[in-house]
Amino acid sequence: MPPLDYHAMFDHAADGLAVIDSSFRIVAANRAIGQLLGVSPQELVGRSLAELIDAGDLGAHPLETARITMEGSRTTHRRLRGANGTTVEAEVRSTQLPDGSVLCAVRATAPRAVDEELRDSEARFRTVAENVN
């Protein structure tokens, strides 16, 4: 059996992947995250993770490695800034690696699904509130 080529697996993964160092700088990025954000993976390397997150989102939910370190991994939902000012709604799964860096797996989420869930929740709450004596 030939040895596994981890670099090829990283680069060809279906989800967007980025490795972040302790100062929140991207040290590696794969094709999928580049496609998601509309840039090449090479353009992401060296950039701060904060540059890719919508300012309002970052203000409401600052970057935090302490929880990832304590829990081992963490899933968050972020609004990412793509090329030309586009916004990408995404689920980000961050996992602590043995060397202290963090692997972020990024998957686009459908904003409509979130909006529909919110509308359904509001409708259920309205029904309950209207039927309370």
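On the surface, Met-1, Leu-4, Tyr-6 and Met-9 make up a nonpolar patch, and their accessible area together is about 560 Å². A patch here takes residues with over 30% relative accessible area and no salt bridge, joining nonpolar side chains (Val, Leu, Ile, Met, Phe, Trp, Tyr) within 5 Å and like charges within 9 Å. Areas are from the Shrake-Rupley method with a 1.4 Å probe, and for residues only the protein chains shown count as cover. Leu-4 lies in the segment before helix 1 (6–12). Helices (H or I, at least four residues) and strands (E, at least two) are DSSP runs, numbered from the N terminus.

This is a predicted model, in which local features need pLDDT of at least 70 and side-chain atom pairs count only at pLDDT 80 or more, while totals for chains, interfaces and linings use all residues. Residues are numbered from 1 along each chain as its sequence is written, and side-chain values use heavy atoms, with hydrogens and water left out.

Let me turn to the strands. Strand 3 and strand 4 pair antiparallel over nine bridges; two strands pair if DSSP finds at least two bridges between them. Within this pairing, Thr-76 has Val-92 of strand 4 as its bridge partner. Five residues separate the two strands in their hairpin, where Asn-84 takes a positive phi near 60°. Strand 4 is also joined to strand 5, by seven bridges and again in the antiparallel sense. There, Ala-90 has Ala-108 of strand 5 as its bridge partner. The hairpin of strand 4 and strand 5 likewise has five residues between the strands, and Gly-100 in the turn has a positive phi of about 95°.

Conventions
A salt bridge is a side-chain nitrogen of Lys or Arg within 4 Å of a carboxyl oxygen of Asp or Glu.
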